[in-house]
Amino acid sequence: MDRSSLSSRSVQWAFLALAAGAWYLATATGSVSRLFLPPPREVFTALVALVQTNAFWSAVLVTASTVAKAYVLALIIGILAGYLVSRSKLAVATIEPVISGLFTIPITLFFPMFILFFGVGTGSKVAYGATYAFFPIALNTIAAFANMEQRYLLAAQSMGGNRWQIFRYVLMPGALPVLFTGLRIGFFICLASVLGGETISSVAGVGRNIALTAELMEPGRMFAWISFVVCMSVVLNLLAFSFENRIRAR
Amino acid sequence: MQNNQDKIAISIRNVTQRFGDASQPDSVLALDNVSLDIKKGEFVCLLGPSGCGKSTLLNVVGGLFKPTSGTATVEGRLVDGKPHPDKIAFVFQESTLFPWYTVIENFHIALKFQGIPKAEWDDRAMAALRAVGMASFARHYPDQLSVGMRQRVNMARGICVKTDILLMDEPFAALDEQTRMVLGEDLSQLLAETGKTIVFVTHSLAEAVFLSDRIAVFTARPGKIKTIIDVDTPHPRSPDFMLEPKFSELRNECYALLRDEIRATMALQRDPQAV
């Protein structure tokens with residue numbers, strides 16, 4: 001790690017420490033009601049108690065499988081659609097603006113429709129998460145394949161590479177970095193959509209439990225759920241970034 | 001005569017290339033009935049004003065596209081709009097080293113595409129890299145090299161595939177003049193060693209005279225061959241060749257031939273309809 005990334009890393013840690021310190025101070029001095037923000041210790045105790053229950057793990061399982069289903073759907077449809085569009089200049093010029101235009105619409109507004117069509121169970125959350133994640137994945141796939149520099153393809157062709165070889169050794173590795181950025185953004189949008197959907201209307205899952213504990217005025221447990229989600233997101237994000245850097249370094 | 005026939009490496013017959021539909025006003029006639037024979041082991045430069053169709057002719061010979069009419073034959077085989085990687089290698093203007101592979105991996109990919117057995121990859125790649133003095137950069141990524149070094153490697157990749165014919169499309173155009181001269185010397189040296197047939201597109205007069213056995217001077221669009229100039233000096237040529245009176249005479253001759261064509265091209269750029 002060089003010096004500049006070392007110093008930016010220490011600023012990031014300092015910021016984290018500052019936020020934790022502010023949380024502790026605000027609750028310790030009693031300047032914030034513990035109904036809104038319980039002290040860190042209480043949240044920690046609630047979290048320890050929570051992870052020992054079966055209800056916790058079954059909720060996590062529901063959310064995880066919903067996210068997985070939604071993401072796999074978005075991945076397949078997004079990459080396939082993006083790749084097909086990228087194969088023709090005309091299709092890129094016509095369809096790409098439509099996809100990026102649709103992506104600016106807050107799809108959240110259509111969430112009640114998802115509930116109407118797919119019910120209050122996990123089906124509506126899968127569809128909702130997949131729809132939201134489709135856009136960044138498709139858009140980045142188009143960008144990755146359509147912006148491939150022509151001279152590389154011409155060179156590969158002149159060397160006698162067949163269609164499959166050119167796809168495998170030129171098109172694919174050239175597109176991978178941009179493609180993967182789309183996959184990462186798509187994943188976190190998918191995660192956020194599923195959790196958000198569960199919070200608004202559902203019968204099970206992590207989001208449902210966060211909404212429930214809020215209604216029951218149990219801030220300790222609510223923040224325990226939230227801190228669990230935050231920790232998971234941080235871990236997943238770090239994993240995605242290190243994977244992405246490995247691809248870029250190739 | 002019989003003997004001469006055997007020695008023809010590339011035969012271009014009445015090649016015409018039109019882009020777009022002839023009935024449309026915006027269609028462009030890039031090449032107009034061009035014929036040229038290139039002997040085995042010969043270094044021929046296609047020299048002309050920009051946009052005269054010289055790169056187009058190179059791409060027709062290389063099989064990257066099919067001409068509107070006419071034929072290109074390479075070692076007796078009709079090119080017909082398909083690349084013939086066993087016979088022809090290309091070196092392009094900008095480096096086409098794939099940035100996601102190291103230098104050596106770039107060579108491996110080229111050799112793999114050509115269907116050369118894996119066991120030979122390393123030997124061939126390293127021999128070509130040594131020939132251009134880049135052997136110690138085999139594990140570098142193209143981004144880690146300077147523009148000149150990259151083009152050196154790019155040239156070596158064209159050489160390592162061991163085709164008899166090398167088509168070079170302004171390979172030194174992006175380089176500064178000093179690097180360009182050094183690479184030109186290297187190329188003259190390599191040429192003498194390998195005996196490859198080279199067709200080289202350029203718009204640099206000095207480069208054309210320094211490298212060529214023959215120079216095909218093109219007219220402005222639509223491109224035709226105006227004259228062919230013989231440069232009767234054996235390879236490898238040393239930089240001293242540039243100091244000889246013959247060098248400047250030939251250079252001036254080329255310039256006199258090109259002047260009118262360059263003016264015509266400039267007029268065309270001001271008003272594309274004025275043909």
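Which hand does the crossing of H4(B) and H5(B) have? The crossing of H4(B) and H5(B) is right-handed. A crossing counts as right-handed if the near helix is turned clockwise from the far one by less than a right angle, and left-handed if anticlockwise.

This is a predicted model; local features need pLDDT of at least 70, side-chain atom pairs count only at pLDDT 80 or more, and totals for chains, interfaces and linings use all residues. Residues are numbered from 1 along each chain as its sequence is written, while chains are lettered from A and ligands numbered from 1 in the order in which they are written.

**View 1. Helices H4 and H5 of chain B.** Helices (H or I, at least four residues) and strands (E, at least two) are DSSP runs, numbered from the N terminus. H4(B) spans residues 118–131 and H5(B) residues 147–160. Their axes come within 9 Å and cross at roughly 135°. Axes are lines fitted to C-alpha atoms, for helices over the stretch in contact; angles run from 0 to 180 degrees between N-to-C directions. H4(B) and H5(B) are therefore oblique to each other (under 35 degrees is roughly parallel, over 145 roughly antiparallel, 65 to 115 roughly perpendicular, the rest oblique). Arg124(B), Ala125(B), Ala128(B), Leu129(B) and Ala131(B) in H4(B) meet Ala156(B), Ile159(B) and Cys160(B) in H5(B). Residues are in contact if their C-beta atoms, placed from the backbone, lie within 7 Å.

**View 2. The open sheet of chain B.** Four antiparallel strands run in the order S2-S1-S4-S5. Strands pair if DSSP finds at least two bridges between them. S2(B) (28–39) and S5(B) (77–78) are edge strands with a single partner each, so one side of each lacks a neighbour in the sheet. Helix H2(B), residues 54–61, packs on the sheet and touches S1(B), S2(B) and S4(B). The direction of H2(B) makes about 120° with that of S1(B). S4(B), residues 69–74, pairs with S5(B) over two bridges. Thr73(B) stands opposite Leu78(B).

**View 3. A hairpin in chain B.** S9(B), residues 214–218, and S10(B), residues 225–230, run antiparallel, joined by five bridges. Six residues lie between the two strands of this hairpin. Ile215(B) stands opposite Ile229(B).

**View 4. Where chain A meets chain B.** The contact takes 16 residues from chain A and 14 residues from chain B. H7(A) (150–158) and H8(A) (163–200) each supply at least two residues of the chain A side. H7(A) gives the largest share, seven residues. The predictor gives the complex an ipTM of 0.76 and a pTM of 0.75.

Terms used:
Two residues are in contact if their C-beta atoms, placed from the backbone, lie within 7 Å.
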